[in-house]
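This report concerns a sheet, the helices packed on it, and the nonpolar cores. The sequence and structure are shown below.

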Amino acid sequence: MSDAYINNSVPQNNLHPERNNDNTQLDTLALRNVAINRIRNGLRLGQQQMADWTSGKLAVSAVPGAGKSTGMAAAAAIAIARQYEQSASSLRNTRRQLIVVTFTRSAAANIKIKIRNYLRDQLSLPQTGFVVNTLHGLALNIASRHPELSNLQLNDVTLVTPNQSHRLIRNAVEQWIAYNPGRYMRLLEGVQFDGEETERLRRQSVLRTEVLPELATTVIHEAKSSGISIENLQNMSKYIDDEYRILNVAAGLYEQYENLMKARDFIDYDDMILAALRVLDDPHARRIEQGQVFAVFEDEAQDSSPLQTQLLEILATDPSPTTPLRGQGEQIGGEVINLIRVGDPNQAINSTFTPADPIYFREFCEECDGTNRLATMDRAGRSSRIIIEAANFTLNWVNSFYGAKANSTSSTQHSCTDATCRVSTTHHFPTPFRPQMIRTVDPDDPQTDANPPHVGRGLEICTPRDIHHTVDLLSKRIVELFTPDPSKTRAAILVRENRQGKWLAEALAQVCKDNNITLYDAGERDRHSHVPAEILALLQFCDRPHSPDFLKAALDVLVKRQLVPTQDLNTLAAQPEDFLYPSPLAPVQPEPVQKAARLCRSLLQAKLALPLYQLISFIALALNYDQAELATADKLSERVTQQIASTNSMGSMLGVLSEIVSSERFEAVETEDIEARYTRAGQLTIITMHKAKGLDWDYVFLPFLHDNLIPGKFWVPPQAQFLGNFTLSEVARAQIRAALHGEEDIPSVSEAWEQSKYLKTAEEYRLLYVAMTRAKRLLWMSAAKKAPFTWSKPENLQDQNPCPAFNALRRQFPQCIVDLAVATS
């Protein structure tokens, strides 16, 4: 074969492989840039600003329905693609990754899918180069990689989520009382006390079981998540003229809680963040962690706490051998912090019962705005125009009406950091909302069915006679909406309290059944503790099978799980021996009774045959749990086995399970898309306004909009009013936040209580705004003239005033008021 033949048969560039590789690389880069531009051009303006990010800080303030998760996923994929290019051209060939942080596990799963789709389908890249975590998951990963620095040995500790009835909190209270009898007696005296024995005993009970546990729970979470030590709290209390010395009491409770946690090798979620920060305090470990990260993207940034923000900023800092140690809130000159924070201050709805505080994201937005690094996503395609107009009006009305009450004063204040207190001046209350209007999208927007046409009037405002009339109106409207095509209809009723949802579910059950509408009560179905509670009931029966109460509880679980037919359980439980082991002379048991008895005997046999650590898994299988419930049972089994390792007895197991069921929020393992469960077609979902955040439906109903709930008010329980017209926990929360903000005096008790009331009002209106912006085509709102004062007694109706914003909407949109005579005809 001649050389000429070879030269003619082989492309010339293949004769120079290095040149061929260069050309191929250039072609690949060109194609990838085309794909990047295609993704970018398919985004809205605010989303494009995210996609254009290359380094530094960027704040993104997004309105409801603006597509922030889509924009973040696209921006993440583009940033990963650019990082691939840099790694390919870098001589060091180091591969770093993007960290995406979200608020919930379900949100993490959703955004992970979106990023992977962009990488695979549009950029033809491996689905790697990024991780998606919740904040606590991220912190736990860092802490577990450096156990010698975090002081967190995962094999030796147990994660707990104690509420105020948890044994840890109760024991902390009792120990504080024992060590501080003088402080306790001052609380017992309250505003006035005549020494009467019955009243003294009553006050003791209220302090031990309600006031002090609530104070401990609030302050411990608030302080730990903000990096405030026990010493800080004690120091802060010196600057407040407070006869109860509330922050000093709180510091003592905090100290006892921490001692108990350490003694039992327990950790809580805040400990994860603190452990990760201990790792990042070490210069070598910090450089290692930062060297693996090229940027951090945070979603739902309005719900971050100070320590969480500090953690993300440290990770997002471009590593340098000369990088000094960051202090909390300290800005280090010359560093580049590659951080995108996306959120909506107007959807901050957790700040009055968690340490989340929207002020920090507002400040971040202001900081970025000063350097032209603020992106605004104000175009939203979710809702019809009339719904957007109603939401914008509500925002402006609330700011105008309540913002005027946020009076501005000027004085000197002491603000505490890690070791000292500093002086600054006060500042006025922020308005409830950031003045950011929702705008409809452009006609050529890529979203299909953007700003869809409204159904009916789009906004329908009703004033029923009472809550029963409300149900009648709801039933009629729901049937009208579902009748044309139930399989494509999505609707939800959003309530302020779970008790309202439970009452509505019972009232609407028959109507939905008659019209083949699936009714999903999220409050009833999404019980985080149903697996522990069911397993506890069966184990209590196994431990004491001759107890009528435990036998009935176990049978009740079996009936609910549809493992045995419905029957008179009281008759079966009355004589446990006769039911479980009938004598030969006893009458033959009916088949349903025999089935129940066989199943119960199999549980008793398992207790004898199996080791303790296998019992929970066996019961889970016996109850025919689905995949998610089995995973939750396995998680529960691991937790219980770890806690009873030293005793390993049935009594210890039952004690741990009882504690979990009664005083913890044991989170289930989810194996399906939670959001899809709430928004299925053909389904009417009853869900709280808080849980509805991030979701949307074609038709949204907001009943029971009364001013005793929205905006509501802080209510001092009558049994605790001997301390004064305030609650210790909310006063302490306001005082801690005032010190953290560095804008106001550490307020007195009365000032702190007033601040708490204002912040509660602001948050309730933001919650209403969130609820209104869940609707796509129809927003139905009502406030019955008669409603219960408390939904624990829905039968006790009385005149109730509507929410002030409801009245304002009636005045602004008179064409949307429903004529009840026509609606009920």
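## Terms and basis

Contact, or touching, means heavy atoms within 4.5 Å. The model is predicted: local features need pLDDT of at least 70, side-chain atom pairs count only at pLDDT 80 or more, and totals for chains, interfaces and linings use all residues. Residues are numbered from 1 along each chain as its sequence is written, and side-chain values use heavy atoms, with hydrogens and water left out.

Leaving aside residues up to four places away in sequence, Leu 768 touches Thr 394, Leu 702, Leu 705, Ile 710, Met 781, Cys 803 and Ala 805.

A nonpolar core is a set of buried Ala, Val, Leu, Ile, Met, Phe, Trp, Tyr and Cys residues joined through side-chain atoms within 4.5 Å, where buried means under 20% relative accessible area (1.4 Å probe, protein chains only). The largest such core has 89 residues, and Leu 768 is among those with the most contacts inside it, as are Ile 115 and Phe 297. Helix α4 (residues 68-89) gives the most to this core, with 11 residues. Another core, of 52 residues, lies apart from it and includes Val 206 and Met 236.

## The sheet

Helices (H or I, at least four residues) and strands (E, at least two) are DSSP runs, numbered from the N terminus; two strands pair if DSSP finds at least two bridges between them. Six strands form an open sheet in the order β3-β2-β6-β7-β1-β8, with parallel pairing. Its edge strands, β3 (130-134) and β8 (374-377), each pair on one side only.

Strands β1 (residues 57-62) and β7 (residues 339-343) are joined in the parallel sense over five bridges, and Ser 61 stands opposite Gly 343 in β7.

Definitions and conventions: Buried means under 20% relative accessible area, exposed over 50%, partly exposed in between (1.4 Å probe, protein chains only).
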